[in-house]
Amino acid sequence: MLLALLYDRSFDSVDPFIILAFIIFLPFAAAFVLPIIGSKMKEKIGWFATLISFICFLAVLYLIPNVSREENLSGIIPWINELGINFSLRADGLSILLAAIVSFIGIMIMFYSNGYMSPKDDLNRYYQYLLVFMGSMLGIAFSDNLILLFLFWELTSISSFLLIGYYRDTEKSIYGARKALLITAGGGLFMLLGFIAIGLVTGTYEISQIVSNPEIILNLKSSPDFAGILILILIGAFAKSAQGIFYIWLPNAMEAPTPVSAFLHSATMVKAGIFLIARFHPVFSGTDLWFYLVSGTGMITMIFAGYIAIRQTDLKAILAYSTISQLAYLVTMYGFTTEILPTIGVSAATFHLLNHSTFKACLFLIVGIVAHELGTRDIREMGGLAKKMPITFIIAIIAAASMAGIPPFNGYLSKELFYESSIIMGQQIGGIWSAIIPMTALAGGVLTFMYSLRLIHKVFLGKPANEEMYSKAHEPGAIMLIPPIILAALIVLIGLFPDLFIEYLVQPAINSIAPGSEKLHVQLWHGFTRPFIMTVFTIAIGLFFYMKYDEIAESQNRFCSNYKWFSLNNLYDKAVNNARSESAKISGSIQRGPPTGYIIWMLVFTIFLILIPLSGFYFSGGNLFDPSIMRLPASEYFLLAIIVITAIGAAIAPKYIVAIMSLSAMGYLVALLYAYLKAPDLAMTQVCVETLSTILFLAVIMKLRKKEAVNPDPRSDQITKLLIGFISGFSFLLVIMATGIVEPFVPFSEYFIENAIELTGGRNIVNVIVVDFRGYDTIGEITVLSLAALCVYNIIRAKGMKKEKKKESKEEEESTNITDNITDIVPEEI
Amino acid sequence: MILQIASTIDNLLLSVPFIYNNVDVLPIAVPLLAGALMILFRHRIKFQKYLNLAVSIIILILAFLLITKVIVNGPSAYAVGEFGKYGIVLVADLLSSSMVLLTAFISLMCVIYSYEYIESESLNQSYYALFNLMIAGLNGIFLTGDIFNLYVFFEIMFLASIGLIFANEKLSSTLIEHKFEGAFKYLVLGMIGSTIMLIAIITTYGTIGSLNMADIALKISILNQEGRLPWQIVAAGLLFIIVFGNKAALFPLHYWLPDVHPTAPTPISAMLSGILIKVGVYGILRIVFLIYAPASSYYLPVLMLISLITIVVGAIGAIAQTDLKRMLAYSSISQIGYVFLGLSIGTAGSIAAAFVYMIFHAVAKSMLFLTAGGVIHHAETRDMTKMGGLIKTMPFYSAAFMIGAMSIAGIPPIAGFFSKMYLLKTGLEAGATIAVFIALITAFATIYYMFNSWISIFWGESLKNKRFHSSHEMMLPIAILCVFAILLGILCNPVFEAGDIVASQIIDPELYISTVLKVIPR
């Protein structure tokens, strides 16, 4: 009725863009002010959050008529030009479907949480995270820009991380949170690269432009990067939707409070990957690669996860694996396309997307109730609850039957469609596939049937396994019952009257993925068609294998305990747990501690850098330097030879004192060279500096390092160092020897000589340069000198950690020496 | 809009001709003078504190005025003395004035933080003086247009930072031996770097006969056009990679950093990781890309190779660490590798991306260091495995660390994401697919080590039950930097535009050269 009323009006006054922006930002704004409101409302703050999601839902409803008329609801605000990011929003059928699911389930979850969460919990934080998540999810739904979508995508990863780790003291929550973040956010990174690559090929990030422009699509499909782009994007989507090898995070994410699991990890967030696949369906589908990657991954995941679900004893774990398997249904169906029939799977998948959200959220809420009442989630501790909790029991039956694909519930309808599409797809490919694909679908259905039956059987029927728990159990309060009741009602309603939902929600979504596709017809009874026969088989085979349920689970357990290494979780744990120690090994081998090695590396790199142009130039036959500069008087050669000898002496001298003496001899010889080259003032300075530094040097060495002062280095080390020092010194020499003013350029010194007297009135050219032409440098040099003094002053006054602490940490250092710790100082270089 | 605001400010400034005319040199002169004053007033505690705060704010205002002047009027050249290119010319273009502004901003935050964090006795002795001299050194480096003058200010910055490493913290968690060891390595490797810098300068002067950067650049490009570029010029250009790579901590010149950054007192670590390693980036852009541009076919591949190794080595080191500050230090190595990757790709887009990356990293990393300082004060250890559950006792710090971690890990909508994406995008555009892929894999590792650290500090069983009461002096800078980390992301257009302009001026230095050479000697 409401919808019919809304149908008649259109946007006269309000810009649809503003409504879209409002839907997205309302939850964020609410999360922002929530602590303030929370201080007033105390434990009733959940109702505020419920209200917010209700408003969002209403706003989404408001848009439905326009969307089903395929009006263009979009708007754009340019944001960052360089990145091609625009704040562009767009509502089409698919986004409205997702947004409706998100906001509606949001209402249910926040409502339910009022009963589920205890007032002692940190409620503000809880609802803040939930609202941020909801806003991000709505953002994903409405983003029309790939990068904007990515932005919200990663925000959901972060809020999911925070929510899984809500119980932040417990090891398991932390483990689950970290795993979820690494896989979903990490997968997101690859997806980002895929998006960027799409932008490079197509020249835009606007989804609607890419998806609707056949030219662009053709461009993409013929691009050599097509496979790479597809794989990168699928990594992100699969990581988010826990498909393929990325499934491992979802079971551990169940450490979150149950409403969170219902909301994020079954009904909405994990649908984001599916949503993305659906979004890109028009772009990528129709290629073989799409089918193999998407449907292939989907079918394998579907069987595998369904099979593993059988072994689980934790209620939430069963549901987690079931979610993985059900999502795989969706993935499989979206992968079903051919050039001729581009949309065989799309309508089925889109319908199932809606249905799965209803029944899986409902089941999670039921599990929440059961776990809340019994204080355990272990299925082996339960039984016979039907008598104690009849309402819960009925709801559970409805939801589980829907999941198992039993008429007249909504899950049955979409599962029939799934079977049908699998048959068609098999026929399209032909050959052995026409049998394999439907059989796989059937197997998935059988597994689903089995664990759905298991849920009802073990929890509600039979005899109570734990009398003590059983006696305490009773029907929960209305707050926790109403949301599952509403969801169950919806399951029945969609099952009985599918047309209403298809008309307003599903069909527009299908149209937005595959424009102009046939109208979806769904009926509960459509004769003895092949899908119906498959359903009958599903139930029959499922019942048969259910007899052997325990045996199957047992065999799985045996396998798991025998082949512990054969698991992705094991691989993940190994990678994460050993990451630190393994990288410490690598890092430690690079960062060894003593500075000698570092200096050697630095010099070797320097030599390498000089060698590049040197060899290039040498082999192309040029002169490395002007040979005429070698023409020196013999006396200079003699002096230089002595200098070289003293330098070698400094390097290989067996004792520090000898080395220092040799070094200072070199200094004095350099002073002599200056004097010889007619620079007496420089020579004088050099003599002063040399004298002073030698005295200081000797004093410090004698005082500090008596032992090392006698014998500094082993012989072999010395030779390596000598060699490297020699080569680097020689390379520097070559570089400097090559200089010589290139012809047309007049050096600055000419200007100084010409203008010194006129500009400065000074005759001594060095003085004039120091105090006049480059006086600014001299200020700097003076500063450097005073700084050196200040540094020494500071070093003398420095103190580190307090004494007693120092002792403690010293001991620890010795015991846990895994990092590339600062090792003991080895001041050979002093 | 920004241009309008800038020109309004610029017009206002015109009414104060002294400042307007000397705004290029004041960011150097003010801290230099303040550094000297601080020694004189070292016994007047309160006075010194407020004086230093005033000086820092003044420098920030000056930096702001300088950048508005540059935005309105384009690059400006300022001759110290009247000798034109023969003397020393200060040049403020958008690159240098942005660096000056960034330095002024981060250093103001660090100064405010220091009041509470650094031991008051140490504050009264030499801390302020050294800090101001370091700022003078930094601004001198960024503003100078003379290659030898660059060397002088390099030394000022270098020595001042060594002195500051030894400043005492109130609650130190660092052994004095470690400080000595870190400083020793810093000193030794830095000295070798300085020597190599001298050799490169001498070689260039000996070949070209000029010390003015614009002049050398022009002459080298003339030589190149005539097809007789001497090999020693290429060698000198490559030697500058050693010099600046050493400052920026590129592999295999990074060895000192993991020992120095953690042992320095926290506000200094924030300066070192936030600003000082960026000097290397600036130097590569200004010296290697401007002067030795014709040798680009030599240095770009080298830079790309070492920046990729740096990215990976830094990330591996960061994963390995249990020491909080050491983890952050390694992360800085890895992140600076990203900046250099952008430079080494060498297109206008990727250089702009590197510029943006550098700025966003400076904000996030200095904030993380400051936050880590608070955490270390509270936990009384630097070992992350001994922390846990601190989110209950220090929620503010946990939020700040989270924002910083998201920024470094490149998770939207924090600033770091936009720069990382820009880098990946421009990298792909330039066809550097393999490099981008390595960067992407390491970005995944970054998420791992950042969030792993966050989890082990803030989640888990709580070891401390008393709420951490931190003073406003410590929280204010962190809060401001947090706000900037978020807002710079959402409102990042001006930074991106600046990046574009900087990159285009690097690619085509015509404007820079002509501005400098217009200054006519008497």
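**View 1. Two salt bridges span the interface of chain A and chain B**. This is a predicted model. One of the bridges pairs the side chains of A:Arg774 and B:Asp146. Their N to O distance is 2.4 Å.

**View 2. Chain A meets chain B.** On the chain A side, 112 residues are in contact with chain B. Chain B contributes 135 residues to these contacts. The size of an interface is often given as the accessible area lost when the parts come together. Here the two chains bury about 11,600 Å² between them. Carbon and sulfur atoms account for 73% of that area.

**View 3. Helices H16 and H19 of chain B cross at roughly 35 degrees**. H16(B) covers residues 395-409, and H19(B) covers residues 472-490. Their axes come within 10 Å. The crossing is left-handed. From H16(B), the residues in contact are B:Phe396, B:Tyr397, B:Ala400 and B:Ile403. They meet B:Met474, B:Met475, B:Ile478, B:Ala479, B:Cys482, B:Ala485 and B:Ile486 of H19(B). What is the make-up of this contact: nonpolar, polar or charged? It holds 11 nonpolar residues, no polar ones and no charged ones.

**View 4. Confidence along chain A.** Mean pLDDT for chain A is 86. Of its residues, 93% reach 70 or more. Residues 1-7 of chain A have pLDDT below 50. This stretch makes nine contacts in the model beyond near neighbours in sequence. Residues 803-830 of chain A also stay under 50. For residues 803-830, the model has 54 contacts beyond four places in sequence. Where pLDDT is low, the predicted coordinates should not be read in detail.

Key. Residues are numbered from 1 along each chain as its sequence is written. Chains are lettered from A and ligands numbered from 1 in the order in which they are written. This is a predicted model: local features need pLDDT of at least 70, side-chain atom pairs count only at pLDDT 80 or more; totals for chains, interfaces and linings use all residues. Side-chain values use heavy atoms; hydrogens and water are left out. pLDDT is the predictor's confidence in each residue, from 0 to 100. Contact means heavy atoms within 4.5 Å. Axes are lines fitted to C-alpha atoms, for helices over the stretch in contact, and angles run from 0 to 180 degrees between N-to-C directions. Helices (H or I, at least four residues) and strands (E, at least two) are DSSP runs, numbered from the N terminus. A crossing is left-handed if the near helix is turned anticlockwise from the far one by less than a right angle, and right-handed if clockwise. Ala, Val, Leu, Ile, Met, Phe, Trp, Tyr, Cys and Pro count as nonpolar, Asp, Glu, Lys and Arg as charged, and the others, Gly among them, as polar. Buried area is the accessible area (1.4 Å probe) that two parts lose on being put together, summed over both. A salt bridge is a side-chain nitrogen of Lys or Arg within 4 Å of a carboxyl oxygen of Asp or Glu.
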